[in-house]
Amino acid sequence: MAAALGAGSSSAGPPGLPNSVPGHAALPAVAVWEWQDEFGRWRPYRGSVCSFIEQALQTPAQKGRRSGTGLASSSIPLGQADATLAPYVIDIPSLMQFRQDTGTMRSVRRHLFAQDSAAGQGIVWEWQNDEGGWSPYEMKVCVFLEQAFTHGLRHVDLSSLGYNYDIDFVSLVQTNKTSRFQRGIQRRMDTPYPVTTATGPLHTAVACSCQQCLLNSGTGPITTRYRHSMINLPSSSAVPQVSSRTAALSSSGLGFVPYNKPTLSGARSAPRLNTQSAWALPQPVGAGAPSPGLSASNGVSVPNLPVEMPKPSKVNQALAVTPSEPEQVVRKYLEELRGAPADEDCIICMEKLASPSGYSDACECKTIKPEAVGQLTKCQHAFHLLCVLAMYANGNKDGSLQCPSCKTIYGEKTGTQPKGKMEVSTFTQSLPGHQDCGTIQIVYSISRGIQGPEHPNPGMPYTARGFPRYCYLPDNEKGRKVLDLLRVAWKRRLIFTVGTSSTTGESNTVVWNEIHHKTEMDTNLSGHGYPDPNYLDNVLAELAAQGVTEACLRQ
């Protein structure tokens with residue numbers, strides 16, 4: 001059955017790899033863009049966002065129009081398609097999604113599916129998450145499920161796609177074949193994905209061995225988060241969906257947006273295309289006047305949204321209220337360079353360091369010139385000083401800076417966690433993989449309340465779903481060390497924050513803040529239980545990324 005119900009898709013490889021097979025005629029297809037979360041699973045952008053990405057690749061950049069080169073954009077700000085994605089930019093040459101306020105980087109990919117598939121019809125299959133919302137399956141799973149559903153099958157097994165689930169179309173239930181835990185599923189109509197042309201054969205079976213599949217295949221979840229460097233990234237992989245009863249999800253990706261990140265309307269020029277990349281993408285169309293809107297070839301219109309800073313913006317508010325403090329913080333931790341590196345980019349605004357800051361029109365400062373470049377004193381990473389100023393003024397403004405490239409902390413970082421309670425207890429039962437010791441239980445309690453000035457929408461209520469939240473550590477030396485550091489992180493308000501849930505899409509709610517917790521004692525199929533031999537080392541690294549290290553325990 002698996003071979004008969006193939007997830008027909010074709011995937012574009014990394015930059016420099018062709019997207020076509022010689023000798024094959026062009027076929028109509030739809031393009032689906034997906035991003036890889038911290039557990040290695042691929043999550044599709046919505047059809048409207050994919051249409052925007054495809055059209056952005058076809059629309060000549062402003063620089064190209066002025067110079068007559070007609071080059072397509074290499075950096076695509078997703079906030080122009082969806083306001084909730086304002087902090088995110090896709091860098092096409094590296095196939096990375098970059099989050100401007102935190103420096104988080106995630107792999108993205110472009111897959112092609114048959115025009116009559118679920119993607120082409122705008123059909124999305126979703127599973128019910130722990131907060132009562134709905135999360136989409138990877139698109140190849142949606143295609144597989146839709147084929148099975150339209151063939152009238154009552155149930156299917158997803159093991160051929162690397163998932164440990166049975167799907168019952170009659171009761172609309174997903175069952176974990178090991179734990180027997182069940183979740184609801186649903187079939188939903190959404191915007192169809194944009195039509196494009198495939199010059200290579202589409203897949204004919206689930207277990208496809210074509211070159212494009214092999215280029216994007218993998219054997220399991222990524223073992224660490226690989227989010228701060230453009231190099232040494234894991235290869236793209238299609239791996240089991242992460243589902244749990246109390247999942248501790250990262251704030252990165254499509255979900256958590258801590259504030260309305262100002263878009264790059266102030267950028268002096270449009271992003272550049274890496275002309276050295278030979279990756280086959282949609283070709284530019286029309287090198288004439290700017291288009292009034294983006295219209296996908298399947299009829300879905302994506303208008304050009306206004307890209308101007310909110311009025312009043314947090315950047316301007318911060319500079320108006322405390323005109324010297326943000327500048328003093330920037331000057332404290334960065335040394336101004338006399339000559340900017342000619343070929344380096346500022347990863348905050350995506351402009352060349354040799355060019356003025358992309359924030360020069362959106363963030364004015366009397367003492368920092370748009371072309372000024374500074375180098376952080378410890379890690380030596382360089383940025384436009386004005387970009388760092390805008391980043392700081394949009395953050396917590398606690399006197400600390402964090403390098404958006406390597407995450408080095410300057411000063412003492414604090415967060416925006418609402419008031420609550422952290423309780424700790426121990427019991428003798430052992431965790432799987434730690435049979436030589438008992439268990440530490442942490443209980444976090446946070447109630448709903450009103451957002452303060454450090455939150456996204458001061459004065460508005462925020463919700464607190466799923467509390468109290470129970471978390472577990474082994475009661476051994478390393479587990480107790482993690483506990484002590486979590487206490488420090490709690491006091492610094494770093495465990496939770498107020499933002500948008502990555503699972504339900506609910507805004508103004510309490511969410512996890514990039515320090516992962518084990519919320520199940522066992523059944524680690526979800527990724528949130530035990531055994532997990534790497535968890536304690538991973539969480540220590542995450543705490544260190546927030547500036548919480550052993551040195552804090554000696555203070």
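A crossing is called left-handed if the near helix is turned anticlockwise from the far one by less than a right angle, and right-handed if clockwise. Before I use that: this is a predicted model, where local features need pLDDT of at least 70 and side-chain atom pairs count only at pLDDT 80 or more, while totals for chains, interfaces and linings use all residues. Residues are numbered from 1 along each chain as its sequence is written, and side-chain values use heavy atoms, with hydrogens and water left out.

Helices (H or I, at least four residues) and strands (E, at least two) are DSSP runs, numbered from the N terminus. Axes are lines fitted to C-alpha atoms, for helices over the stretch in contact, and angles run from 0 to 180 degrees between N-to-C directions.

Take helix α7 (residues 325-333) and helix α8 (residues 385-393): their axes come within 10 Å and cross at roughly 125 degrees. That makes α7 oblique to α8; angles under 35 degrees count as roughly parallel, over 145 as roughly antiparallel, 65 to 115 as roughly perpendicular and the rest as oblique. The crossing of α7 past α8 is right-handed. Contact, meaning heavy atoms within 4.5 Å, involves Glu325, Pro326, Glu327, Val329, Val330 and Arg331 of α7 with Leu385, Val388, Leu389 and Tyr392 of α8.

The other helix pair is α9 (residues 477-491) with α10 (residues 535-545), packed at an angle of about 25 degrees with axes 10 Å apart. That makes α9 roughly parallel to α10. Here α9 passes α10 in a left-handed crossing.

Now the aromatics. How many aromatic pairs does the structure hold? Ten, where rings of Phe, Tyr and Trp (its six-membered ring) pair if their centres lie within 6.5 Å, and planes under 30 degrees apart count as stacked, over 60 as edge-to-face and the rest as tilted.

One of them joins tryptophan 125 and phenylalanine 169: the centres are 5.5 Å apart and the planes at 70 degrees, so the pair is edge-to-face. Tryptophan 125 and phenylalanine 169 are both buried, that is, under 20% relative accessible area, with exposed over 50% and partly exposed in between (1.4 Å probe, protein chains only). Tyrosine 444 and phenylalanine 496 also pair edge-to-face, at 5.4 Å centre to centre and 80 degrees between the planes. Tyrosine 444 is in strand β23 (residues 439-446) and phenylalanine 496 in strand β27 (residues 496-499), so this pair ties together parts 52 residues apart in sequence. One aromatic cluster is formed by Tyr444, Phe467, Trp490, Phe496 and Trp512.
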